[in-house]
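User: I would like to learn how to read a structure such as this one. Please take me through it feature by feature.

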Amino acid sequence: PAVIRRSDYRVPDWLVPDVTLDFDLDPALTTVRAKLAVARNGGHDRPLRLDGDGLVPLEVKVDGRSLTQAEWHLEAGALILPLPGAAHEVETLVELAPERNSKLMGLYASGGLLCTQCEAEGFRRITFFPDRPDILSRYSVRMAADKACFPILLANGDPVEQGDGEDGRHWAIWNDPYPKPCYLFALVAGDLSCNRDRFVTMSGRDVQLGIWVKDADLPRTTHAMEALKNSMAWDERVYGREYDLNVFNIVAVADFNFGAMENKGLNIFNSRYILADPDTATDIDYDGVEGVVAHEYFHNWSGNRVTCRDWFQLSLKEGFTVFRDQNFSADMGSHAVKRIEDVRILRAGQFPEDSGPLAHPVRPESYMEISNFYTATIYNKGAELIRMMALMLGPERFHAGTDLYFDRHDGQAATCEDFVRAMEDGGNIDLTQFRLWYEQAGTPRVRALLSHDAATGRVNLVLSQIIPPTPGQPEKRPMAIPIRVALFDRESRANHGDETLMLTRSEQRFTFQNVATAPVLSINRGFSAPVIVDTNRSQADLAFLSAHDDDPFARYEAMQQLMVNVLVGQIGGQPVDESAVVDAVRQTLIDPALDSAFVAEAIRLPSEAYLGDQMPIVDPDAIHDARDALQHRIGAELEPLWRDMHARLRANSFSLSPAAKGARKLRNAALHYLVASGAADGPLTAFEQFDSADNMTERQAALGILANGESPERIAAVDIFYNRYCADALTLDKWFQTQAFALHPDTVDLVEKLGRHKDFTLNNPNRVRALYGAFSGNQWAFHHRSGKGYRLVADCILALDPINPQTAARLVPPLGRWKRFDAQRAALMQAQLQRILSQPGLSKDVMEQVRKSLD
Ligand code: B3K
Ligand code: ZN
């Protein structure tokens with residue numbers, strides 16, 4: 001497959017100011033008639049090239065005249081038309097079979113609905129079109145369909161007209177006045193019910209809101225609607241951005257390749273990010289709904305009004321929009337806990353990517369298949385880049401920069417460079433060196449050495465940075481890294497002052513005066529930069545910070561580092577005293593000033609995968625054993641506390657208040673440690689929680705805790721859960737996922753069995769991710785020394801690739817991390833990658849990921 005390079009960008013040869021689409025919809029056979037007003041862009045004589053993927057032109061007309069087959073040809077699926085003039089009307093007719101579209105890109109059928117997904121390159125599966133984001137067009141869309149099966153017809157923009165046709169068919173016309181790239185096109189046809197509401201914008205525009213779902217799911221849409229209204233108000237208040245159409249519709253579909261899609265005025269969602277009720281959704285699910293609804297809504301400005309020039313600029317909209325949704329969720333709940341969660345996500349998903357064979361810059365230089373670049377680097381590291389700029393500028397100058405960005409580029413297809421320049425011009429800052437964050441891949445390592453001179457009262461902090469080599473980038477230049485630090489007095493516990501240091505050279509010395517006694521260093525507070533920090537801090541210093549740091553992230557971090565040091569020391573055969581961890585957990589539990597959600601975060605041991613990331617060679621078995629043993633010790637030594645907390649935190653009735661969510665989180669943590677203590681009544685207590693819970697947060701946590709162990713309660717709970725929820729796909733996903741996540745020696749065999757379960761299907765991406773996605777994130781189980789885990793995932797990739805290559809390709813990265821493991825495991829992983837590569841007819845998606853993973 002061809003490699004596409006950022007440096008090859010050229011402005012389009014032809015523009016398409018207006019598009020008229022006419023869909024005659026039917027799951028088996030849909031026809032699409034497209035009329036494009038095309039205009040030559042600049043002085044050239046190149047033909048018009050309309051991308052197509054699997055399309056056959058049944059008719060091609062130019063300015064009303066049908067062309068003969070000799071007047072056009074196909075080239076790699078694209079329709080090539082030589083055109084004489086400066087502007088023409090081009091008309092094409094194609095046929096689609098939505099019900100046979102298993103890739104879920106373009107127009108497809110899902111649970112009786114017809115819906116579309118066009119980003120990144122799905123529109124070319126619907127009609128011939130220059131499928132690139134810098135072509136902005138006004139769309140008018142007519143849809144006709146059987147009225148009984150598809151009573152609701154939706155598209156982008158505002159509804160214009162509708163009527164009944166012959167043979168039980170009806171039609172509707174929608175117009176979108178805002179020029180948009182074709183990746184934002186959408187339509188939906190189906191039998192849907194609507195949760196209707198309205199929002200009055202800051203300038204007084206009355207917007208009709210609709211969340212469209214299957215009728216039975218209507219009661220599960222209230223949280224999404226609240227989130228939508230809160231998002232609309234938040235974007236007005238914080239960014240001054242107002243919604244711009246008269247309607248805003250959201251549709252939930254069961255089969256979807258990722259979370260959701262920000263189509264203009266018609267967001268289409270994976271139902272797991274819309275539907276929530278206490279019986280089936282956990283607090284994490286509720287937060288996911290809120291965050292994704294906000295994310296897609298915020299795209300209306302950061303993505304739709306200002307879009308991307310080309311797909312190398314993807315982080316322009318995604319990084320910025322993730323940053324916006326993170327801050328929104330923080331404002332809706334707890335800033336401290338949200339930051340901890342976001343950093344955990346970054347470290348779990350992006351750091352491994354950045355240190356492996358698929359590492360790429362936030363603005364990549366090349367790709368084979370753009371779908372493979374919807375990554376944690378583009379999204380989450382991209383958000384961290386915006387966050388660093390916001391920190392360096394301060395809130396006022398940052399918003400001067402974003403205002404300028406939106407004003408300057410409204411209605412345009414922009415670049416990451418445009419964003420940075422708007423920050424510079426609006427915020428009055430020089431970001432020349434900062435731009436390296438967009439260019440250089442790899443997680444910087446910052447080393448911090450603190451020394452104190454009692455005689456002069458001077459503290460020296462020497463910071464140095466190393467950016468590791470990544471594929472195609474052997475040498476790196478030093479970056480501009482904002483590091484927030486504070487120094488604490490050991491006696492008074494006073495903070496000598498918070499400062500943001502700019503590390504811009506390979507090594508740099510910072511001096512602090514008037515510090516009488518050797519202070520404790522708090523560093524990368526709030527996780528001010530997405531880096532790995534190495535310090536010479538003692539366990540005692542970390543214990544101090546875990547009890548007294550006034551930055552909640554740094555406090556959490558100190559606790560995590562304390563735990564990491566113990567566990568990594570133990571695994572590496574250099575035992576470190578564990579009692580500091582037990583003491584720190586105890587202190588945290590009994591500190592009355594802390595809220596429950598924070599406590600629950602702070603006392604949880606680093607994941608097995610994160611521990612693996614701290615080691616030169618990952619030893620999954622040793623990691624599991626050491627972590628398990630420490631968990632047992634914390635559980636056993638503090639057993640009365642766990643018992644008491646678990647009993648005390650039981651709620652009388654369900655609420656979604658932050659306090660109630662925090663209580664559930666901590667109660668689950670208490671149950672976890674109580675069971676880990678080995679107490680004889682552990683499994684029974686877990687079963688009681690499972691059985692009596694009035695919410696999924698406590699029920700699923702209890703199921704997960706039981707699934708890690710061996711008990712009659714485990715078998716019963718797994719069974720009960722299945723029987724209770726097997727009719728609800730989203731909840732049944734949890735049944736698969738919880739078992740695939742289980743830290744149990746037989747997980748790998750269980751996953752093999754579950755892959756043959758009657759409710760398992762490769763046709764639904766959520767189900768695939770629930771089983772194989774979860775399993776490949778379960779380090780101990782996936783890296784079973786037999787190599788069986790690798791084979792299971794490779795089997796799944798091979799079976800899924802012909803059905804849904806995008807989802808198949810997402811399962812490849814865990815196999816590509818072989819360099820991080822011992823020789824036997826590495827060989828077994830490589831063998832599976834080789835086996836995949838030798839499959840004839842492999843998709844571009846899987847091929848790119850596997851080839852890069854073998855390098
Ligand atoms: N923009 C979409 C992602 C599309 C993924 C295409 N492979 C959802 C989002 O980030 O909001
Ligand atoms: Zn997005």
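Reading the features

Analyst: Ser607 sits in the loop between helix H11 (596-602) and helix H12 (608-613). Helices (H or I, at least four residues) and strands (E, at least two) are DSSP runs, numbered from the N terminus. This is a predicted model, in which local features need pLDDT of at least 70 and side-chain atom pairs count only at pLDDT 80 or more, while totals for chains, interfaces and linings use all residues. Residues are numbered from 1 along each chain as its sequence is written, and chains are lettered from A and ligands numbered from 1 in the order in which they are written.

User: Is Ser607 buried, exposed or partly exposed, and why?

Analyst: A residue is buried if 20 or more other C-beta atoms lie within 10 Å of its own, exposed if 12 or fewer, and partly exposed in between, with C-beta atoms placed from the backbone. Ser607 is partly exposed because it has 17 C-beta neighbours inside 10 Å. As for distance, the C-alpha atoms of Ser607 and Leu153 are separated by 46 Å, and the two residues are 454 apart along the chain.

User: What about Leu50: buried or exposed, and why?

Analyst: Leu50 has 28 other C-beta atoms within 10 Å, so Leu50 is buried. Leu50 belongs to strand S4 (residues 48-50). Two residues are in contact if their C-beta atoms, placed from the backbone, lie within 7 Å. Leaving aside neighbours within four places in sequence, the contacts of Leu50 are Ala78, Leu79, Phe128, Phe129 and Pro130.

User: Which residues of H21 are buried?

Analyst: Helix H21 (residues 765-776) is mostly covered, with 12 of its 12 residues buried. Among them are Arg767, Val768, Leu771, Tyr772 and Phe775. The cover over the buried residues includes strand S21 (266-270) and the helices H19 (729-741), H20 (747-754), H22 (779-782), H23 (788-800) and H24 (805-809).

User: How do strands pair, and which strand does S2 pair with?

Analyst: Strands of a sheet pair through backbone hydrogen bonds, either parallel or antiparallel. Here, two strands pair if DSSP finds at least two bridges between them. Strand S2 (residues 14-24) pairs with strand S3 (residues 30-40) in the antiparallel sense over nine bridges. Five residues lie between S2 and S3, which form a hairpin. Leu21 has Ala34 in S3 as its bridge partner.

User: What is the order of the strands in the open sheet of four?

Analyst: The order is S10-S11-S16-S13, with antiparallel pairing. Strand S10 (106-110) and strand S13 (152-155) are the edge strands, each pairing on one side only. From one strand to the next, the twist averages 15°; such angles run from 0 to 180 degrees between N-to-C directions, with axes as lines fitted to C-alpha atoms, for helices over the stretch in contact. S13 and strand S16 (residues 187-190) are joined by four bridges in the antiparallel sense, and Ala155 stands opposite Leu187 in S16.

User: What is the pairing in the open sheet of five strands?

Analyst: The pairing is mixed, and the order is S17-S18-S19-S21-S20. Strand S17 (193-200) and S20 are its edge strands, and each pairs on one side only. Strand S19 (residues 247-253) and S21 run parallel, joined by five bridges. Val253 stands opposite Asn270 in S21. Helix H1 (residues 222-239) packs on the sheet, where it touches S17, strand S18 (206-213) and S19, and its direction makes about 25° with that of S17.

User: Which residues surround ligand 1?

Analyst: A residue is near a molecule or strand if its C-beta atom, placed from the backbone, lies within 6 Å of it. The residues around ligand 1 include Glu119, His295, Glu296, His299, Glu318 and Tyr374. Strand S20 (260-261) and helix H2 (283-298) each supply at least two residues of the shell. By class, the shell has five nonpolar, three polar and four charged residues. Ala, Val, Leu, Ile, Met, Phe, Trp, Tyr, Cys and Pro count as nonpolar, Asp, Glu, Lys and Arg as charged, and the others, Gly among them, as polar.
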